[in-house]
Amino acid sequence: MLKSAGDCPTLSDVPSLVPQAVQGIQALLRGEPRNLLELPLDMSLLTDFQSRVYAFARAIPPGSTRTYGEVARGLGDVKLARAVGQAMGHNPFAPVVPCHRVLAAGNRPGGFSATGGAATKLRMLAIEGAMRSETLPLFR
């Protein structure tokens, strides 16, 4: 995973990365268990906390979920759960950083900044097999 501008792909690398990213995201949305870890990210403009949150989220396997509190605990302080939620809400790398795999307390969907909000989050989790489709809302 890239953490500084010096680790960024060069402009000549970008054309080969774009089709790879598109194919990986399409595979994920078809239900293939993809973690997209092969895609480099430039996190140089993020805070250290955001970078740590996104790295933690990327380690959540497809078909699995964690809560904001579990992510915060994994980062060393359960009191950071709200800050984890804020970082997820500002995720510039979705779905490469799978913020949809992070839930509110009690495994409730919580927020989701993509079009469709929590319903989209639940659909993505159902595609990955993390939630049964019968738990999805009837209406969008």
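# Getting to know a predicted model

Trainee: Hi! What kind of overview can you give me, and how many helices and strands does the protein chain have?

Mentor: Welcome! Keep in mind that this is a predicted model. The protein chain has five helices and two strands, and along the sequence they follow the pattern α-α-β-α-α-β-α.

Trainee: And what share of the residues counts as buried?

Mentor: Of the 140 residues in the protein chain, 34% are buried. The chain exposes about 7900 Å², with carbon and sulfur atoms supplying 56% of that area.

Trainee: What about contacts between residues 24 or more positions apart?

Mentor: They account for 57% of the chain's contacts with a separation of 6 or more.

Trainee: Let's zoom in. Which residues of helix α2 are buried?

Mentor: Helix α2 covers residues 48–58, and its buried residues are Phe-49, Gln-50, Ser-51, Val-53, Tyr-54, Ala-57 and Arg-58. Part of what covers them is α4, residues 81–89.

Trainee: New topic: salt bridges. How many are there in the whole structure?

Mentor: A search finds four. One of them joins Glu-128 and Arg-101, whose closest N and O atoms are 2.9 Å apart. Glu-128 lies in helix α5 and Arg-101 in the loop between α4 and β2, so the pair ties together parts 27 residues apart in sequence.

Trainee: Where do those two stand on burial, buried or exposed?

Mentor: Glu-128 counts as buried at 13% relative accessibility, and Arg-101 counts as buried at 1%.

Trainee: Which other salt bridges can you show me?

Mentor: Arg-30 forms one with Glu-32, with the closest N and O atoms 3.0 Å apart. Arg-30 is exposed at 55% relative accessibility, whereas Glu-32 is partly exposed at 34%. Another brings together the side chains of Glu-38 and Arg-34, at 2.9 Å from N to O. Glu-38 is partly exposed with a relative accessible area of 35%, and Arg-34 is partly exposed at 25%.

Trainee: What's the story with Lys-121, buried but without a salt bridge?

Mentor: Lys-121 is in helix α5, residues 117–128. The nearest side chain of opposite charge is that of Glu-128, and it is 11 Å away. A salt bridge needs the nitrogen and the carboxyl oxygen within 4 Å.

Trainee: So what does the side chain of Lys-121 reach instead?

Mentor: It reaches the backbone oxygen of Val-102, at 2.6 Å. Leaving aside neighbours within four places in sequence, the contacts of Lys-121 include Tyr-68, Cys-99, His-100, Leu-103 and Phe-112.

Trainee: How do they stand on accessibility?

Mentor: Leu-36 counts as buried at 1% relative accessibility. Asn-107 counts as partly exposed at 47%.

Trainee: Last one: what does Asn-107 touch, apart from residues up to four places away in sequence?

Mentor: Asn-107 touches Thr-65 and Thr-67. The C-alpha atoms of Asn-107 and Thr-65 are separated by 8.4 Å, although the two are 42 residues apart along the chain.

Key. Residues are numbered from 1 along each chain as its sequence is written. This is a predicted model: local features need pLDDT of at least 70, side-chain atom pairs count only at pLDDT 80 or more; totals for chains, interfaces and linings use all residues. Side-chain values use heavy atoms; hydrogens and water are left out. Buried means under 20% relative accessible area, exposed over 50%, partly exposed in between (1.4 Å probe, protein chains only). Helices (H or I, at least four residues) and strands (E, at least two) are DSSP runs, numbered from the N terminus. Contact means heavy atoms within 4.5 Å. Accessible areas come from the Shrake-Rupley method with a 1.4 Å probe; for residues, only the protein chains shown count as cover. Lys and Arg count as positive and Asp and Glu as negative; His and the chain ends are not counted. A polar contact is a pair of N or O atoms within 3.5 Å; within protein, one must be able to donate a hydrogen and the other to accept it, and residues adjacent in sequence count only if both atoms are side-chain atoms.
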